[in-house]
Amino acid sequence: MAEDEIIVLKAVFCDEGEFELLSNTASQHSVATFRITVKCDQHIDGDCLAAKDAASNLETGENNKDPVTIDITFTLPSSYPETIPDISLATNSLTREACQKLRTDLLNFAGTLDAEPMVLMMIDWMKDHWKDYVRQMVKSCDGKITSQESEEITVAVLHIDHMRSKVKYTKTLVKWAEDLQLGGRLMFYNHLILVLLEGLTTQVKEFIVRLRTQRVDVDSAGRSCKERMMRVLVEQPHPSSCKRYTSFEVVDCTSVSALEAVFKMSELSNVYRTELVPEFKLLH
């Protein structure tokens, strides 16, 4: 059933770059992962001031020329469609909080559907409702102008050698990312552990400091210990034109292509090819 739905989706989203099959290898947990770039009918920048103007345009019916694009990645579980897909969103047109709320509500909507192919219905729902999240974003931002508007956005990639207590370690990293309002991914592939961080420069640096100075794992005797073998592989300004992750999630990659897809989603393929592939033999 999933294969038939993918054929339909390829036919519907047939423009260049609209549909990308990231993984089609059936496993115990999933049968396919793919990304769809959804074009909405109006461009809205993610900052508060531009969003106010955009919301005004929504009310008056005026439209800008450039459409909003929202990249949505679907991972179909092996029990799909009885079990709803896992999704992640990436866009520059919504704040992190608005994007997280949209993702939550979209998953809740999927939970109300019958056990049948639902990807197109989920996309239609998102296209119908995304403007509501712009209005919510404007309301929460109204009157709040902070130094964050001019602060540089940084992307960082960290390598963690190993985790003895994976559950504890993972929970700690997720909590730090949420506290610091960082987007990104914690990726596991075979024995490789990578952390992708995207956010304000000060917050990214604070995450790295915490990882180097706080107890996050246990040693061979079961005692809490600090991370001694973490390496910062990349720490650089994030291209302003590129999409960024609006949430921090854990990803178990089942293939090299699935790992690469994590970077493609945030338009960081060049970072993957130039910084990571030469560093790790299993990515060749």
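Here is a short chat about a predicted model and the reasons behind the words used for it.

Reader: What makes up the chain in terms of helices and strands?
Author: There are eight helices and 11 strands in the chain.

Reader: Why is Ser23 called buried?
Author: Ser23 has 8% relative accessibility, and buried means under 20%, so Ser23 counts as buried. You'll find Ser23 in strand β1, which covers residues 19-23.

Reader: What is Ser23 in contact with?
Author: Leaving out neighbours within four places in sequence, Ser23 is in contact with Val31, Ala32, Thr33, Thr254 and Ser255. Contact here means heavy atoms within 4.5 Å.

Reader: And why does Val12 count as partly exposed?
Author: Val12 comes out at 44% relative accessibility. Exposed would need over 50%, and buried would need under 20%, so Val12 lands in between and counts as partly exposed. Val12 belongs to helix α1, residues 2-12.

Reader: What makes Val12 part of a surface patch?
Author: A patch takes residues with over 30% relative accessible area, and nonpolar side chains are joined within 5 Å. Val8, Val12 and Leu120 form the nonpolar patch, with about 210 Å² of accessible area together.

Reader: How much of the chain is buried?
Author: Of its 284 residues, 50% count as buried. The accessible surface of the chain is about 14,100 Å², and 48% of that belongs to carbon and sulfur atoms.

Reader: What makes a set of residues a nonpolar core?
Author: The members are buried residues of kinds such as Ala, Val, Leu, Ile, Met and Phe, joined through side-chain atoms within 4.5 Å. The largest such core here has 35 residues, and those touching the most other members are Phe34, Ile36, Ile72, Phe74, Leu106, Val119 and Met126. At least two residues each come from α1, β2, β3, β4, α3 and α4. The largest share, eight residues, is supplied by α4. Apart from this core lies another one, of 24 residues, including Ala90, Val155, Val277 and Leu283.

Reader: Which residues does Phe74 touch?
Author: Not counting residues up to four places away in sequence, Phe74 touches Ala32, Thr33, Phe34, Ile36, Pro85, Asp86, Ile87, Val119, Met122 and Ile123.

Reader: How do you know how confident the predictor is?
Author: The mean pLDDT of the chain is 84, and 83% of the residues reach 70 or more. Over residues 43-52, though, the pLDDT is below 50, and this stretch has 30 contacts in the model beyond near neighbours in sequence. Residues 143-149 are also below 50, with six such contacts.

Note on methods. Residues numbered from 1 in each chain as written. Predicted model: local features only at pLDDT ≥ 70, side-chain atom pairs only at ≥ 80, totals over all residues. Heavy atoms only, no water. Helix = DSSP H or I, 4+ residues; strand = E, 2+ residues; numbered from the N terminus. Buried < 20%, exposed > 50% of the residue type's maximum accessible area, 1.4 Å probe, protein only. Areas by Shrake-Rupley, 256 points an atom, 1.4 Å probe, with all protein chains shown as cover. Patch = residues over 30% accessible without salt bridge, like charges linked within 9 Å, V, L, I, M, F, W, Y side chains within 5 Å. Salt bridge = Lys/Arg side-chain N within 4 Å of Asp/Glu carboxyl O. pLDDT = per-residue confidence, 0-100.
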